[in-house]
Amino acid sequence: MATELDPVEPQSLKKLSFKSLKRALDLFSPVRAQLPPPDAESKKIRINHKVSVEYGGIKSTSNPPPSQVNSTAQDRSKQPGPSNALALPGSGDYKDPLKGGLQHALVVGPTIPSTAPHDPGSMSKNTIVASGSGSSERNLSTSALMERMPSKWPRPVWHAPWKNYRVISGHLGWVRSVAVDHSNTWFCTGSADRTIKIWDLATGTLKLTLTGHIEQVRGLAVSNKHTYMFSAGDDKQVKCWDLEQNKVIRSYHGHLSGVYCLALHPTIDVLLTGGRDSVCRVWDIRSKMQIHALSGHDNTVCSVFTRPTDPQVVTGSHDSTIKMWDLRYGKTMLTLTNHKKSVRAMAPHPKEQAFASASADNIKKFNLPKGEFCHNMLSQQKTIINAMAVNEDGVMVTGGDNGSMWFWDWKSGHNFQQSQTIVQPGSLDSEAGIYALTYDVTGTRLITCEADKTIKMWKEDENATPETFPLNFRPPKDIRRF
């Protein structure tokens, strides 16, 4: 027997919406026609602060004396009812925010009448002071009144911009390497024309041309203890030149392919060379013997520097790793895998126990001797970086394959100047590339070796001031920590 169903009453969309809203209100607020009762705990928690407009923010002060808190509480109890607008007690100079006064009064909601008596003692006990040191005790409901925390990032030092003051031409090929003598009177450059030229640092005039390599000269170093200069090239040869006789007196045989980088140990008579055979070789300068073959890289060793203390040898490679070596045993002490691309350039800081390394992805700073990663530089040059150097003033410079030369503040990683090299007349625009650069001994002059066959010299602009060359620095919001 079929039962008759009740007819369904047609309902409008508006009525259905109200019914759904009523159900939600019934679910979440059973007494929806009344204000919620005041919370006893919330009443006790009051923020006691003074607002002073200083440096565009809120300056928090310490707790006022108890007498001031008690008198404020008594004055408040004489009013018809407490408002849950955050009051500003203590100074008595509150201004209406709508009339251009202090803009820090935040109205949270309508006034809630209350019959609960005030307890000044409990209020003074539970007062939270919004000071910088007690930030962990802040009430969560007062996030709109939190003061801006200052950035912990170090502010960069102002440096004068650098300008090109001399262009030296003389090589017949790309200029691939440079080294400055420790007397600071001359410097030498190696080129793809297979020659090494020695130039006067003050005037830029050519003093000497040395021939002997049969491929381009990729690495140069001048000894500070002997009258020796060392060179390395794509012809697998490493040569020692006696500058009193201007000729090769020793050759170091052992590399299986081109030699890309070269460094002299600062305290002992040891020479280090790295090349395409993925090995950094350690040579005894006098006996020409190979002491160690530091093997472990999977690709070309393209940068190396040495230190007087462990780790005495640091190498960078096309396999995107940096290795620190124990020179005594010829073993790897540490491998840094922070970079994602070839590490073509590295530069130790002349004073600090730190070094920077550059690859196409980022320029990174590391502490020594343990190799802790400090931070990335705050901008990306977005090119292959072939060379970098740091002076004692904390000015780091990086030279790119596209001719860009960027200057950085060492401490903060701020890029304060971006310059583009200008090719010499008759060159292609694609020949704007920087292959090597170094500071002189004083750190006040910079020498760059470029793909347009020139050597350029740079110095700081003496006429620049912080007003004419302002420091446009914004601390990073989310610095990448890897």
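Is Arg218 buried or exposed in this model? Arg218 counts as buried, at 18% relative accessibility, where buried means under 20% relative accessible area, exposed over 50% and partly exposed in between (1.4 Å probe, protein chains only). The model is predicted, so local features need pLDDT of at least 70 and side-chain atom pairs count only at pLDDT 80 or more, whereas totals for chains, interfaces and linings use all residues. Residues are numbered from 1 along each chain as its sequence is written, and side-chain values use heavy atoms, with hydrogens and water left out.

The protein chain contains four helices and 30 strands; helices (H or I, at least four residues) and strands (E, at least two) are DSSP runs, numbered from the N terminus. Of its 482 residues, 46% are buried. The accessible surface is about 26000 Å², and carbon and sulfur atoms hold 53% of that area (Shrake-Rupley method, 1.4 Å probe; for residues, only the protein chains shown count as cover). Among contacts (heavy atoms within 4.5 Å) with a separation of 6 or more, 50% involve residues 24 or more positions apart.

Strand 6 (residues 195–200) is joined to strand 7 by five bridges, and Ile198 stands opposite Leu208 of strand 7. In the loop between strand 5 (186–191) and strand 6, Arg194 has a positive phi near 75 degrees without being a glycine. Arg194 is partly exposed, at 45% relative accessibility.

The largest nonpolar core has 14 residues, of which Ala358, Ile363, Met388, Met396, Trp408 and Trp410 touch the most other members. Such a core is a set of buried Ala, Val, Leu, Ile, Met, Phe, Trp, Tyr and Cys residues joined through side-chain atoms within 4.5 Å. Two or more residues each come from strand 20 (345–348), strand 21 (354–358), strand 24 (385–390) and strand 26 (404–409). Leaving aside residues up to four places away in sequence, the contacts of Met396 include Ile363, Met388, Trp408, Trp410 and Tyr439.

A search of the whole structure finds ten salt bridges (a side-chain nitrogen of Lys or Arg within 4 Å of a carboxyl oxygen of Asp or Glu). Arg218 and Asp234 form one of them, at 3.5 Å from N to O. Arg218 lies in strand 8 (residues 217–222) and Asp234 in the loop between strand 9 (228–233) and strand 10 (238–242), so the pair ties together parts that are 16 residues apart in sequence. Lys456 bridges to Glu450 at 2.9 Å and to Asp452 at 3.2 Å. Lys456 and Glu450 are both buried, as is Asp452. Lys163, Lys459, Asp461 and Glu462 are linked in a salt-bridge network.

Some backbone features fall in loops. The peptide bond from Asp310 to Pro311 is cis, with omega near -5 degrees; Pro311 sits between strand 16 (301–306) and strand 17 (313–317). Leu368 and Pro369 are also joined by a cis peptide bond, with omega about 5 degrees. Lys453, in the loop between strand 29 (445–450) and strand 30 (454–460), has a positive phi of about 75 degrees and is partly exposed at 31%.

Conventions. Two strands pair if DSSP finds at least two bridges between them.
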